[in-house]
Amino acid sequence: MSAETWQQVVFWIFALLITGAGVLVVTTRNVIHAALWLVGALMGAAAMYVLLFAEFVAWVQVLVYVGAIVVLMLFGLMLTRAPIGSAEFDNNQRPLAALCAAAVFVVTSVILIGAFEGQEINFARTAGTSTESIGTAIFSSYVWPFEVVSILLLAALVGAVVIARRD
Amino acid sequence: MPVSFFLVLSALLFSIGIYGVLARQHAVLVLLSIELMLNAVNINLVAFSAMLQEAGLGGQVFALFVIAVAAAEVGVGLAIVILIYRNRQSVDLDELDLMKW
């Protein structure tokens, strides 16, 4: 099989993984399982980034999302003493929510397919994006947004400590 | 490979996130659904970055920024959830109607 076919195969495998894990995140009745299925969806997204030549973004995804954010979520679930095991976590507007989500999906996909019809991603490039070139881009063209994000993270850190501390 | 494959995948993931935000009752599960939506945006950004290879690395850099903002959001969000739990012994969003008129 050609390289293009393999890329399609990999895409469909991980697209199915992301979709299945995502649906389970929002429907499972066990809160811990929801967090663990989120790991599946995030790892599938990381595989997509590797497929799209973005190795550095993929590793940041694994480290920050899977390593830090999901662990934080699990701590949040434990500290709020969520009932572990099956329980009802959905409210009574499930059909309305499904309708709303389906409407958003149909509208956005129709618009996106219409707008980007015939545009291809060229997978002929052999090398991926090097970490060096990402670093150069962040610290030259995008240094101002980078500083803003740093200040945002600092503010969020201080804010989280102030909000959550017991006094 | 058509770029619309990735765009439709991310639209699907975003819609799943919307369903989760609207249908879930537990505050932490709503935060999980928001993470799904942020990931849909990231897939979009990285796909466009791969499509427009000549235009530089803006898509990937902004995907990194989105990840950083998601980390900040989760930190503050969980702090608020834990504070609500401490005050009301519950994080059921349907019971938090104090500011509802």
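Phe5(B) is partly exposed, at a relative accessible area of 27%; buried here means under 20%, exposed over 50%, and partly exposed in between, with a 1.4 Å probe and protein chains only. This is a predicted model, where local features need pLDDT of at least 70 and side-chain atom pairs count only at pLDDT 80 or more, while totals for chains, interfaces and linings use all residues. Residues are numbered from 1 along each chain as its sequence is written, chains are lettered from A and ligands numbered from 1 in the order written, and side-chain values use heavy atoms, without hydrogens and water.

Now the rings. Over all chains, the structure holds eight aromatic pairs. Rings of Phe, Tyr and Trp (its six-membered ring) pair if their centres lie within 6.5 Å; planes under 30 degrees apart are stacked, over 60 edge-to-face, the rest tilted. One of the pairs is Phe11(A) with Phe5(B), tilted, at 5.7 Å centre to centre and 35 degrees between the planes. Because Phe11(A) lies in helix α1 (residues 3–27) of chain A and Phe5(B) in helix α1 (residues 3–23) of chain B, this pair joins two chains. Helices are DSSP runs of H or I, at least four residues, and strands runs of E, at least two, numbered from the N terminus.

Phe11(A) has 2% relative accessibility, so it counts as buried. Phe11(A) also pairs with Phe6(B): the centres are 4.8 Å apart and the planes at 70 degrees, so that pair is edge-to-face. Phe6(B) is buried too, as is Phe11(A). Ring pairs link Phe11(A), Trp12(A), Phe5(B) and Phe6(B) into a cluster.
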